[in-house]
Amino acid sequence: MSERGLEPGIRTNFSDRMSYAGYLSLDQLLAAQRPLSDPEHHDEMLFIIQHQTSELWMKLVIHELRAAIAFIKRDQLDPVFKILARVKHIQGQLFNQWSVLQTLTPTEYAQFRGVLGNASGFQSVQYREIEFLLGNKDQSTLKVHEHDPIVHKRLKETLEAPSIYDEFLRSLSRRGLPIPEGIAERDWTVSRSEPDPGVLSAIKIIYDSPDEHWDAYEMCEKLVDVEEHFQLWRFRHMKTVERIIGHKTGTGGSSGVSFLRRALDHVFFPELWEVRTLIGVQPSP
């Protein structure tokens, strides 16, 4: 069988030009996996790469959500649809990669878990930022980041700013839909997990007449996509933890599986879920 060889036009000399590795900073990226077990446990590399790749995907989610918020502030919903579709696919990547970590058995993890000390995913700055951007605000979680003033400031600013759903409701208000004033302008550091009757009425107008409010209708469904995939990611995380450590206390001091299970109860966009119960239901005479 003949060898394929290099085509004549393929570049081979990168002494004076940028290469693939240089553009991606692969020397730094691939040197960032530093297992601490001694002797090094084979599966610690899996554990590190799983979490590092999650952080890279979360960085992109944050990048996309901030772009979406900027468009919504300008009442431009159409560009947001592609952005949120991309976020949904990123969430699919985050969900699916838990299956790789599930190949780690409880016995294998126990052999290097001690080197983590008190390091825990709960301390992930980017995970917290995503939750704030989606509207799950909890000021007490900032305490975990007080040791890093730059990070603390960034998270505090995100906590105090409207979430993507807040900005969407403000946009609906600007176009004349009956969003209550107390929702359009409020303390953004407080989460809303229960449906507001006024907001629910406004959302129902959109769902009752999608042709008249098509972009808002589409936006509602894109937000539901994002929340559903976020909850699936959370659930897969919880089941992976349960599979590997059972009901042990988390390395960061949490109750572990019980703590993760409680997080599943939070709803980011309550009216977008509640409106489904009302669609097609005739009011009582």
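I began with the largest pocket and read its volume as about 1600 Å³. A pocket here is an open set of points on a 1 Å grid over the protein atoms alone, with protein on both sides within 12 Å along at least five of seven lines, and a lining residue has an atom within 4 Å of a point. Volume is the space filled by probe spheres set on the points, which are joined across faces, edges and corners. Of the 49 lining residues, I noted those closest to the centre: His-51, Ser-120, Gly-121, Phe-122 and Gln-123. The elements giving two or more residues to this lining are α3, α5, α7, α12 and α13 (257–263). I found that α3 gives the most, with eight residues. Helices are DSSP runs (H or I, at least four residues), numbered from the N terminus. By class, I listed 23 nonpolar, 17 polar and nine charged residues in the lining of the largest pocket. Nonpolar covers Ala, Val, Leu, Ile, Met, Phe, Trp, Tyr, Cys and Pro, charged covers Asp, Glu, Lys and Arg, and the others, Gly among them, are polar.

A note on the source: this is a predicted model, where local features need pLDDT of at least 70 and side-chain atom pairs count only at pLDDT 80 or more, while totals for chains, interfaces and linings use all residues. Residues are numbered from 1 along each chain as its sequence is written, and side-chain values use heavy atoms, with hydrogens and water left out.

Next I looked for closed spaces. How many cavities of 30 Å³ or more does the structure hold? I found two. A cavity is a set of grid points where a 1.4 Å probe fits but cannot get out. The largest cavity has a volume of about 70 Å³. Its lining includes Leu-134, Gly-135, Arg-186, Trp-188 and Phe-268. That lining divides into five nonpolar, three polar and four charged residues.

The second largest cavity holds about 50 Å³ of space. Two or more lining residues come from each of α3, α4, α7 and α12. Among the lining residues I noted Val-87, Gln-91, Leu-94, Ile-130 and Leu-134. By class there are nine nonpolar, one polar and no charged residues.

I then turned to α7, residues 125–134, and found ten of its ten residues buried. Buried means under 20% relative accessible area with a 1.4 Å probe, protein chains only; exposed is over 50%, and partly exposed lies in between. Arg-128, Glu-129 and Glu-131 are among these buried residues. The cover includes α3 (44–73), α8 (149–159), α9 (164–174) and α12 (214–245). Just after α7, Gly-135 takes a positive phi of about 115°.

Helix α4 (78–96) has 19 residues and reaches 28 Å from first C-alpha to last, close to the 27 Å expected. The expected span is 1.5 Å times one less than the number of residues. Its buried residues include Val-87, Gln-91 and Leu-94. Among what covers the buried residues of α4 are α3, α5 (98–101), α9 and α12.

Last, I checked Gln-231, which sits in α12. Why does Gln-231 count as buried? It does so because its relative accessibility is 16%. Gln-231 touches Ala-263, Leu-264 and His-266, leaving aside residues up to four places away in sequence; contact means heavy atoms within 4.5 Å. A polar atom of the Gln-231 side chain lies 2.8 Å from the backbone oxygen of His-266.

Technical notes. A polar contact is a pair of N or O atoms within 3.5 Å; within protein, one must be able to donate a hydrogen and the other to accept it, and residues adjacent in sequence count only if both atoms are side-chain atoms.
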